[in-house]
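Subject: Structure for you to look at

Dear colleague,

I am handing over the structure below, and after it you will find what came out of going through it. Please keep it open while you read.

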Amino acid sequence: MSEPLIVITGASSGIGAATARLLSGHGHPLLLLARRLARLEELGLPQTLCRKVDVTDREALAAAVREAEEQYGPADALVNNAGAMLLSRIADQDPDEWDRMIDLNIKGVLYGIHAVLPGMLARRAGTIVNVSSIAGRKTFPNHAAYVGTKFAVHALSENLREEVASSGVRVVTIAPGAVETELLSHTTDERIKSDYDAWKQSAGGALDPQVVAEAIAYAYRQPPGVTVREIVLAATGQES
Ligand code: NDP
C-alpha cells in the first residue's frame with residue numbers, strides 16, 4: 001500500500017530539509033513549502049510537490065495543501081517546522097523583528113494547523129508535529145522574544161493535543177537544543193552571533209539536523225493509538 005502525503009513547512013534547509021529526505025526515503029509523497037523554491041527543488045525528491053509559500057500567508061498555505069491533496073490524497077501529517085530566531089536583548093531589538101517571529105513562529109504554525117485539521121478530524125486520523133525548541137521550555141540570554149514565540153508553540157500544541165485527543169488526531173511537540181543549521185544566520189548582532197557560536201562549541205557542538213528528523217519520524221511512525229507528546233533532545237554537552 002502506498003504511503004500517505006506529508007506536508008513539511010520550512011523544508012528548504014536545516015531540520016525541514018533533513019526531515020523531507022528521511023520521510024521521502026520512507027516512501028511518502030510530500031508537499032514542501034518555503035520561500036526559496038529552488039532549494040526545495042534541489043532536494044530532488046520523488047512524488048514531491050514544491051511550492052513557494054510564505055507560511056504567514058494563510059490563504060497561500062491552505063491553497064498549497066489543497067493542491068497537494070488533490071494530487072496525492074489527504075495529508076496524514078503536517079510538520080510545522082518553518083521558523084526564525086532573531087536574537088537580541090529586548091531593549092535593543094527592533095520591534096519589526098518581534099513581528100516577524102510572532103507572525104512566522106506562532107501564526108505560521110496556527111495557519112498550518114488550520115489548513116490540515118478539519119480534514120484530519122473528519123477522517124479521525126492524522127498527526128501534527130510542531131517544531132518548538134528547548135527555548136519553548138526555558139529562557140536563554142538574548143532570546144526573550146524568541147522564547148516568547150516558542151513557549152507559545154509548546155502551549156498551543158499541548159492545548160490542541162487535549163482538544164483533539166478523543167478524535168484520533170495526534171499532536172507532537174519536538175523540542176531540540178542547538179542544531180547545526182542556518183537558523184542563527186538571520187540574527188543581525190555580530191557579537192551575539194559569535195557568543196552563540198562560542199557557546200555551541202563549548203558544548204562540544206550542536207546536533208546534526210538528521211538526528212531531529214529521526215526524532216520526528218520516530219514519533220510519526222508509532223501506531224495510531226500511541227502519541228509521543230513531546231521529544232526533548234540536545235547535544236550531550238549542552239548543559240542549559
Ligand atoms: P533554518 O534557518 O535552516 O530553516 C528554517 C526554515 O524555515 C527554512 O526552510 C526557511 O525557508 C523557512 N522559513 C523561514 N521563514 C519562512 C516563511 N516566512 N515562510 C515559509 N518558510 C519560512 O533553521 P532550522 O532548520 O534550525 O529551523 C527549523 C525549526 O527548528 C525552527 O522552527 C526553529 O525555531 C527550530 N529549532 C531550531 C534549533 C536550532 O538550533 N537550529 C533549535 C530548536 C528549534 P526559506 O528561507 O526558504 O523560506
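Helices (H or I, at least four residues) and strands (E, at least two) are DSSP runs that are numbered from the N terminus. The model is a predicted one, in which local features need pLDDT of at least 70 and side-chain atom pairs count only at pLDDT 80 or more, while totals for chains, interfaces and linings use all residues. Residues are numbered from 1 along each chain as its sequence is written, and side-chain values use heavy atoms, with hydrogens and water left out.

Two loop residues

Arg-124 is found in the loop between helix 4 (95-123) and strand 5 (126-131), and although this residue is not a glycine, its phi is positive, at about 55°. Asn-142, in the loop between strand 5 and helix 5 (144-164), is also a residue other than glycine with a positive phi, near 70°. For accessibility, buried means under 20% relative accessible area, exposed over 50%, and partly exposed in between (1.4 Å probe, protein chains only). Arg-124 counts as exposed because its relative accessibility is 51%, whereas Asn-142, at 24%, counts as partly exposed.

A residue in strand 5

Thr-127 belongs to strand 5, and it counts as buried because its relative accessibility is 2%. Its side chain is joined to that of Arg-170 by a polar contact of 3.0 Å, where a polar contact is a pair of N or O atoms within 3.5 Å; within protein, one atom must be able to donate a hydrogen and the other to accept it, and residues adjacent in sequence count only if both atoms are side-chain atoms.

The ligand

Which residues come nearest to the ligand? Of the 28 residues around the ligand, they are Ser-13, Arg-35, Tyr-146, Val-179 and Thr-181, a residue being near a molecule if one of its heavy atoms lies within 4 Å of it. Helix 1 (14-25) and helix 5 each supply at least two residues of this shell.

On its own the ligand has 890 Å² of accessible area, of which the protein covers 96%, with areas taken from the Shrake-Rupley method with a 1.4 Å probe and, for residues, only the protein chains shown counting as cover.

Best wishes
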